[in-house]
Amino acid sequence: TVNPKYYAAKMSYYLKTDAEAMGLKEKLKGSSITISIKKLSYRFMYVNKGHVLFALLSYIMISKEGIMPVQQDAVLEYSVVRNDTVIQKRTLEIADKNVYTKNPTNSRKQLTWFYLDNYETNLKVQSKEAIAKIMNEL
């Protein structure tokens, strides 16, 4: 597992940055918004499967090594407040786009860093998608 608090903080940062870049403040027209992260994908499994094929006096070894994410969609809850009154409250589910990561080298350390880079990219994509959905609903 990755540290859920660390990546929740990262997701929070990406949400703030994307909200600013995509013009959410202008869309709110004086209202304020609170976005809470209820669920976030943070688990994965190391996979190492090997096969040996024997043919006469020789053999071939085939190995499949990588990291498989445990799929869990991000769940965000947001509420829009105007004049101390909640005018809109919704829950969003953002699909987890993490996929199986093959080992590009034969180094498990590099594989882990490669997966974490992909994981962070997935958080950025989920953040943009969440802000776009919120803006469409406003």
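Here is a short tour of this predicted model, stop by stop. Residues count from 1 along each chain as its sequence is written, and side-chain values rest on heavy atoms, with hydrogens and water left out. Because the model is predicted, local features need pLDDT of at least 70 and side-chain atom pairs count only at pLDDT 80 or more, while totals for chains, interfaces and linings use all residues.

Select S4 (74–82) and S5 (85–94); strands are DSSP runs of E, at least two residues, and helices runs of H or I, at least four, numbered from the N terminus. The two strands run antiparallel, joined by 9 bridges (pairing takes at least two DSSP bridges). Look across from Glu77 and you'll find Thr91 in S5. The hairpin leaves 2 residues between the strands, and Asn83 in the turn has a positive phi of about 55°.

**Stop two: H1 against H3.** Now show H1 (4–21) and H3 (108–137). Their axes come within 9 Å and cross at roughly 45° (lines fitted to C-alpha atoms over the stretch in contact, with angles from 0 to 180 degrees between N-to-C directions).

**Stop three: Tyr119.** Leaving aside residues up to four places away in sequence, Tyr119 touches Val2, Tyr7, Leu40, Ser41, Tyr42 and Asn98.

**Last stop: the core.** Which residues touch the most other members of the largest nonpolar core? Leu24, Tyr119 and Leu123, out of 25. Such a core joins buried Ala, Val, Leu, Ile, Met, Phe, Trp, Tyr and Cys through side-chain atoms within 4.5 Å, buried being under 20% relative accessible area with a 1.4 Å probe, protein chains only. H3 gives the most, 9 residues.

Terms used
Buried < 20%, exposed > 50% of the residue type's maximum accessible area, 1.4 Å probe, protein only. Contact = heavy atoms within 4.5 Å.
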